[in-house]
Amino acid sequence: MYNTIMNLVVMFVQLIGNLGFLLYGMKLMSDGIQKSTGEKLQRALSVITENRFMGLFTGLIITMIIQSSGATTVMVVTFVNAGMMTLTQSASVIFGANIGTTITAWIVSIFGFNFNISDFAIPVFGLGFFLAKIKKSGFKGVGDTLMGFGLLFFGLSGLSGIFSPDQIGWLFTFKDSGIISLIIGFFIGIIITAILHSSSAFSAIVITMAYNGLVSWELAAVMTLGSNIGSTIDAILAALGASADAKRAAFIHVFFNLTGTVLALLFFKQFLNLVVFLTPGGMDSNIAIRISMMHTVFKVLSTVVMLPFVKQIVSLSKKAIKEKSSENEKIFHLDFTESFGKENIAAYIIRAEKAIADMADLVTSMFDHIQVGFMNRDTSFEEEHLEQLVREEDYADQMHEQLTRYILHIERLPVTEKQLDNLSIMIQVVDDLESMSDDCLSIGMLIKKSVDKNMQYEESDMERLVPYLELVRQFLQFIHININKHLSEEKLSMAQELEDQIDAYRKNLKKVARKRLEKGADVKSELLYIDFVRNIEKIGDRAFSISEGLSQTR
């Protein structure tokens, strides 16, 4: 009895250890690939077109490269939450990601059982380790990827030893219990995948058990189908506390996997017969290859069935998840939610960049109110523009606070030196944009004061402000176009030229105002005029500060 208990304890510890190798290997492999190409891939994901086939292809390729449909789906939910991707776009990308995730099963089935993988795993890990340690070689991402492959195969080798008939065959006596075993297997697939946060890892486990004869072909199939439902956990968690559209994107992911699984179960025998027909060798083929084929066929068929109905699925998601009335209020939300071990650093940075671009839009909108106020200085300004300026300045304060906190969260992740430098510049840019919003509100209050006090200015004096305001408007437009981009020396020179022109206008306007004072003009009016000029010039100064920051990005 004592020996049996000890054997079970040892077996459980070995299972946990090898499962840890498998999961960490997959994470290291995914992170390594993302370090090498991830930022470019994620930026490509954030700018895809409405074309559903292009979205499908993008989701497929990105998931095949980074080896994680969960990571892709979390990125999609993040981008939808940021307004960078529409629901229609997200649906096709999610479909593609579901097909792309089957690549891991193929890697395991092709490479995992054709030779002694433990002998192969150790040198691959060693090679990856030394590549990752070579400083400034640019091979760290490749090294991490190879170490991930090594750990993946090492864990797979250990699991193969544990999941053998001699070791735990007695635990799987239910495999031939007919429909009951299939139902149990289906729910095991859901639960374990949800716990592991990885359908790919569970697929590797199922393939290993099937290869060693612990589970039948039919049982392996339903366990794999169950894992497709369990894999939706990442998207669901990423959507918690997010916008209605982000929740709808998660709904689409759940709907795709759930509907596809239900259809496969309804036509289970016919589905398996199709898989056997498509697999070279039929029922005599390697069961590991057969399971991988089943996984791929399931995903492809689900996509073929649902891709023509993307618009209808999106419409269903909107009916299922209603817009909350509070979401229409002018309240800014930018909550940082880590993706449960999948550090999509580039996705976080892209999300922050989108918010910074929105903040630049907001400041430009506030300046538009100012320009209108100068042209029509009357009581209508307070009703039609000043109240809007106050609301927008409050919104800019919210953006400043939450964006700064969000970027500081990103800095705590394992970012590269280049990313860390860029994040510091992003904080500076956010500070300057918030100061611009303060300046716009200050100018708005000065306009109100001039109207309330009925201060009179010569028409020629106000006309002198028109080109001055237009220069600042051009500078804001320049910032708006180039925000989040590296400024070349040529563009920085353009910014310097705009700054010099604004300074020259400021000096000239202040000089003219002082001359009017010397000639006996109204002191209060002229001092207010000088305040106008000074506050407008501050916006130009902050625009140049942003330009200098952007020129230092890498």
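Me: How many salt bridges does a search of the whole structure find?
Reply: The search finds 7 salt bridges. This is a predicted model, in which local features need pLDDT of at least 70 and side-chain atom pairs count only at pLDDT 80 or more, while totals for chains, interfaces and linings use all residues. Residues are numbered from 1 along each chain as its sequence is written, and side-chain values use heavy atoms, leaving out hydrogens and water.

Me: What makes Asp245 and Arg248 a salt bridge?
Reply: A salt bridge needs a side-chain nitrogen of Lys or Arg within 4 Å of a carboxyl oxygen of Asp or Glu. The closest N and O atoms of Asp245 and Arg248 are 2.7 Å apart, so the pair meets the definition.

Me: Why are Asp245 and Arg248 separated by about one helical turn?
Reply: Because they are 3 residues apart in helix α13 (residues 244–266). Helices here are DSSP runs (H or I, at least four residues), numbered from the N terminus.

Me: Is Arg248 called buried or exposed, and why?
Reply: Buried means under 20% relative accessible area, exposed over 50%, and partly exposed in between (1.4 Å probe, protein chains only). Arg248 has 6% relative accessibility, so it counts as buried. Asp245, at 31%, counts as partly exposed.

Me: How do you know that Arg506 and Glu537 form a salt bridge?
Reply: Their side chains meet at 3.4 Å, N to O, which is within the 4 Å limit and therefore qualifies. Arg506 lies in helix α21 (residues 489–518) and Glu537 in helix α22 (residues 523–551), so the pair ties together parts 31 residues apart in sequence. Arg506 counts as buried at 18% relative accessibility, and Glu537 is buried at 9%.

Technical notes:
Helix = DSSP H or I, 4+ residues; strand = E, 2+ residues; numbered from the N terminus.
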